[in-house]
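Subject: Structure handover

Hi,

Please find the structure below, as promised. My notes come after it.

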Amino acid sequence: MDQQVETESLKEQMGRIIEEARMLLPGIQALFGFQTIAVFNEPFKQLPDVVQDCHVAALALVVLAIALVMLPAAYHRQAEPFRISRHTISLSSRCICYALAPLAGAISLDVFVVLQMVTGATMLSALSAGAAFLLLISVWFGYPQLMRRKFGRAK
């Protein structure tokens, strides 16, 4: 399969990274808001401690994802405010990518919590959460890595 490849300038790469962060952040923030509100609902307080702990762990993972998504902007504005370097691009790209791992964990833990609340079936909840995690990691990391190997690393 012949693919045309076009190299982006540092400015274009930084613009794309900012676009990606802008796409991710609202969803992560919405998830954080729903997670925060959930603990004030009476049914949540009746869940077993281990399920509540999973929710708290998911909340912590979302905070980590938010920190990683926001790091490129904070770094660029403070460390290299008037230029775009290859280091800034590399750091920013890795942060956006790495943010997806804790986000996958958080979503999966919350799948467990929600299913546990709805069904009360711990095994079904755990298997569903595991399946959600595998799906997200496969789509967000596995498939891109497969394509990277297939078509070669971008220069």
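This is a predicted model: local features need pLDDT of at least 70, side-chain atom pairs count only at pLDDT 80 or more; totals for chains, interfaces and linings use all residues.

Residues are numbered from 1 along each chain as its sequence is written, and side-chain values use heavy atoms, with hydrogens and water left out.

Helix lengths
Helices are DSSP runs (H or I, at least four residues), numbered from the N terminus. Expected span means 1.5 Å times one less than the number of residues. H4 covers residues 86-119, which is 34 residues. Just after H4, Gly120 has a positive phi of about 75 degrees. H1 has 29 residues. From first C-alpha to last, H1 reaches 42 Å, close to the expected 42 Å.

H1 against H4
Axes are lines fitted to C-alpha atoms, for helices over the stretch in contact, and angles run from 0 to 180 degrees between N-to-C directions. The axes of H1 (residues 10-38) and H4 come within 10 Å and cross at roughly 25 degrees. The pair is therefore roughly parallel (angles under 35 degrees; over 145 is roughly antiparallel, 65 to 115 roughly perpendicular, the rest oblique). The crossing of H1 past H4 is left-handed (the near helix is turned anticlockwise from the far one by less than a right angle; clockwise is right-handed). Contact means heavy atoms within 4.5 Å. On the H1 side, the contact residues include Leu10, Ile17, Glu20 and Leu24. On the H4 side, they include Arg86, Ile89, Ile96 and Asp110. By class, this contact has 12 nonpolar, 5 polar and 3 charged residues (Ala, Val, Leu, Ile, Met, Phe, Trp, Tyr, Cys and Pro are nonpolar; Asp, Glu, Lys and Arg are charged; the others, Gly among them, are polar).

H1 against H3
The axes of H1 and H3 (residues 49-79) come within 9 Å and cross at roughly 150 degrees. H1 and H3 are therefore roughly antiparallel. H1 passes H3 in a left-handed crossing. H1 contributes residues including Leu25, Phe32 and Thr36, and H3 contributes residues including His55, Val62 and Met70.

Which residues of H1 are buried? They are Gln13, Met14, Ile17, Ala21, Leu25, Ile28, Gln35 and Ala38 (buried is under 20% relative accessible area, exposed over 50%, partly exposed in between; 1.4 Å probe, protein chains only). Their cover includes H2 (42-45), H3 and H4.

H4 against H5
H4 and H5 (residues 122-151) pack at about 160 degrees, with axes 8 Å apart. That makes H4 roughly antiparallel to H5. Their crossing is right-handed. The contact has 18 nonpolar, 7 polar and no charged residues.

Two single residues
- Ser85 sits in the loop between H3 and H4. Ser85 has 10% relative accessibility, so Ser85 counts as buried. Leaving out residues up to four places away in sequence, Ser85 touches Leu10 and Glu80.
- Gly130 is in H5. Gly130 is partly exposed, at 31% relative accessible area. Gly130 and Val111 are 19 residues apart in sequence and 9.1 Å apart in space, C-alpha to C-alpha.

Best regards

Methods. Helices (H or I, at least four residues) and strands (E, at least two) are DSSP runs, numbered from the N terminus.
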